[in-house]
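Okay, thanks for coming, everyone. I'd like to walk you through one protein today, going from the overall fold down to a few charged side chains. Have a look at it on the screen first.

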Amino acid sequence: MTTSQSSQSTPSTGQGSTQSFSIDSNLINQIRDNASQTTVITESNQAQVTQDQGVLLVTNIKNDHQFSTERDAFVALAIICQKGGTSKRANGNIYAVVNGKRLTLALIRETMAKIKYKHTLRQWARSYATQIANVCELFDIPGDLYKKIARKHPDVNSTQSYWLSNFQMDNVDCEESLRNYIKEHFTELFPSS
């Protein structure tokens, strides 16, 4: 993959909308080159996904599901995570279509089991949380918690919606007020005994 290439991706988000846009081919190179900066878990004891482990999942998704580039595989993974695919109870039918290739959460889980991936999809998403928010902003896909949080906090705007995903809670690149809204949501869901 050369850095001068670009790819036109036309994803289907599984929500009836389709948009075209261009993703810079430096995305995967940035993941590889800046792994220490993309691992943004700072306030938790969650396992961090290393550069090699992050790229391993993307590469296996690309190969197992016939994506033409790692970039397209990353985009599909990002969309599925953004739509709630990191929840243990998420339906395996959550999907994304990028350049005509359909990926479901169930297929991701199969690939992770096949390669004996030592991290959860949520851990992977936490490690690439900023990149996922940026990619999903290009596709106009809000985070899975956006509607719930916006009902309670009408001050949340559409630009902030891309950060309101369940895996953004510890991401220092996410606005502190949004991280607090996410923490509040989880505290309500799982109150302390």
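So, of the contacts in this protein with a separation of 6 or more, 58% are between residues 24 or more positions apart. Contact here means heavy atoms within 4.5 Å.

Before I go on, two bits of housekeeping. This is a predicted model, where local features need pLDDT of at least 70 and side-chain atom pairs count only at pLDDT 80 or more, while totals for chains, interfaces and linings use all residues. Residues are numbered from 1 along each chain as its sequence is written, and side-chain values use heavy atoms, with hydrogens and water left out.

Now the fold. We've got 9 helices and 4 strands, and if you read along the sequence, the order is β-β-α-α-α-α-β-β-α-α-α-α-α.

How much of the protein is buried? Of the 193 residues, 52%. Buried is under 20% relative accessible area, exposed is over 50%, and partly exposed is in between, using a 1.4 Å probe and protein chains only. The accessible surface is about 9500 Å², and carbon and sulfur atoms hold 45% of that. Those areas come from the Shrake-Rupley method with a 1.4 Å probe, and for residues only the protein chains shown count as cover.

On to the charges. How many salt bridges are there? The count is 3, taking a salt bridge as a side-chain nitrogen of Lys or Arg within 4 Å of a carboxyl oxygen of Asp or Glu.

Let's start with Lys114 and Asp64, where the closest N and O atoms are 2.7 Å apart. Lys114 is in helix α5, residues 105-114, and Asp64 is in helix α3, residues 51-64, so this pair links parts of the chain 50 residues apart. Asp64 is partly exposed, at 24% relative accessible area.

Then there's Lys152, which pairs with Glu184 at 3.5 Å between the closest N and O atoms. Lys152 sits in helix α8, residues 146-152, and Glu184 in helix α9, residues 176-189, so parts 32 residues apart in sequence get tied together. Lys152 also meets Glu188, at 2.2 Å from N to O. Glu188 is in helix α9 too, so that pair ties together parts 36 residues apart.

Put together, Lys152, Glu184 and Glu188 make a network of salt bridges. Lys152 is partly exposed at 46%, Glu184 at 29% and Glu188 at 46%.

Key: Helices (H or I, at least four residues) and strands (E, at least two) are DSSP runs, numbered from the N terminus.
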